Amino acid sequence: MSGLLGDTAARDYSRKLRLFNAFAEPELRQAIASLGLDPGASVLDAGCGTGEVLRWFADAVGPDGTVIGIDLATAHATAARACAPAQALVLQADLLHAPLRAGSFDRVWCMNTINHLRDPVAGTQLLASLLRPAGRIALCQSSLLPDMYFAWDARLERLVNEAVRQYYRDRYGVSERDLAAVRSLVGVLRRAQLRNVRAHTFAIERVFPLGSADEAYLAEAIFRDSWGARLQPYLSSDDYDELTRLCDPQHPQFALRRADFHFLQTFTVVSGEP
């Protein structure tokens, strides 16, 4: 059975995952540091994607630590194995049926993944069962608040965000509540009977001029792949034309080359103990 947002073993969005990890590396490393990992600790990355985060976990736990990544998609697991450090093990499997023993990990990290599950509370309970008694699970999600792309045009930005949500509702047959449920991570952990629930939100903020990783992520993963022609049915012709100009690197109005470009995105880590 596919996930809520169409995930199957055959699905592949490796390029977008790599671009995001390169773009958000400073903030992701801060989030990992906030977990308080000790040398020699064991970590599970549940939904490891293309595996860049596995390297940062390996740095945190040192040569005596254990790092395991798991991802449903074959292409993602293959990419993760190619970039993971020697001490990391990557499994291609459904995390709800992972071949992992209960009580094996000091930390479970689950980034931009729990919202793909049809029952996030049950998924969280399963992942929490993999923790040792003093362990901690961290559910991590980008964009709990709407991202800011066009600081100078809040109206167009609002319409684009609404168009994206409508596109996902139509493509996957989900409701607005299904899409917004990602904002309830605190409630998910508490309904999963976890204790000492904490939340920490990091700001991913960029202004002109952008670094190469920033521009690549925003131009390729967002402007071209997440938006592009798929949003045309959900915008007026004038608004779509304006969006197209702002997203075109060859156009004089290209957003990422504007001196007033200011991007803001959130990355939230909500953690708890069994």
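This is a predicted model: local features need pLDDT of at least 70, side-chain atom pairs count only at pLDDT 80 or more; totals for chains, interfaces and linings use all residues.
Trainee: What joins the side chains of H116 and D7?

Mentor: A polar contact of 2.3 Å joins them; the term asks for a pair of N or O atoms within 3.5 Å, where within protein one must be able to donate a hydrogen and the other to accept it, and residues adjacent in sequence count only if both atoms are side-chain atoms. Leaving aside neighbours within four places in sequence, H116 is also in contact (heavy atoms within 4.5 Å) with residues including L4, L5 and Y13.

Trainee: What makes F23 and F263 an aromatic pair, and of which kind?

Mentor: Their ring centres lie 5.8 Å apart with 70 degrees between the planes, and rings of Phe, Tyr and Trp (its six-membered ring) pair if their centres lie within 6.5 Å, with planes under 30 degrees apart counted as stacked, over 60 as edge-to-face and the rest as tilted; the pair is edge-to-face. It links F23 in helix α1 with F263 in strand β7, 240 residues apart, helices (H or I, at least four residues) and strands (E, at least two) being DSSP runs numbered from the N terminus.

Trainee: What kind of pair do W109 and F267 form?

Mentor: With 6.3 Å centre to centre and 35 degrees between the planes, W109 and F267 form a tilted pair, and both residues are buried.

Trainee: Which charged end sits over the ring of F23?

Mentor: That of R206, 4.9 Å from the ring centre, where the term requires NZ of Lys or CZ of Arg within 6 Å of the ring centre and within 35 degrees of the ring normal.

Trainee: How do you know where the buried residues of α4 lie on the helix?

Mentor: The buried residues of α4 are H76, A77, A79 and A80. Seen down the axis of α4, they fall within an arc of 160 degrees, so they line one face of the helix, the arc being that of the directions from the helix axis to the C-beta atoms.

Methods. Residues are numbered from 1 along each chain as its sequence is written. Side-chain values use heavy atoms; hydrogens and water are left out. Buried means under 20% relative accessible area, exposed over 50%, partly exposed in between (1.4 Å probe, protein chains only).
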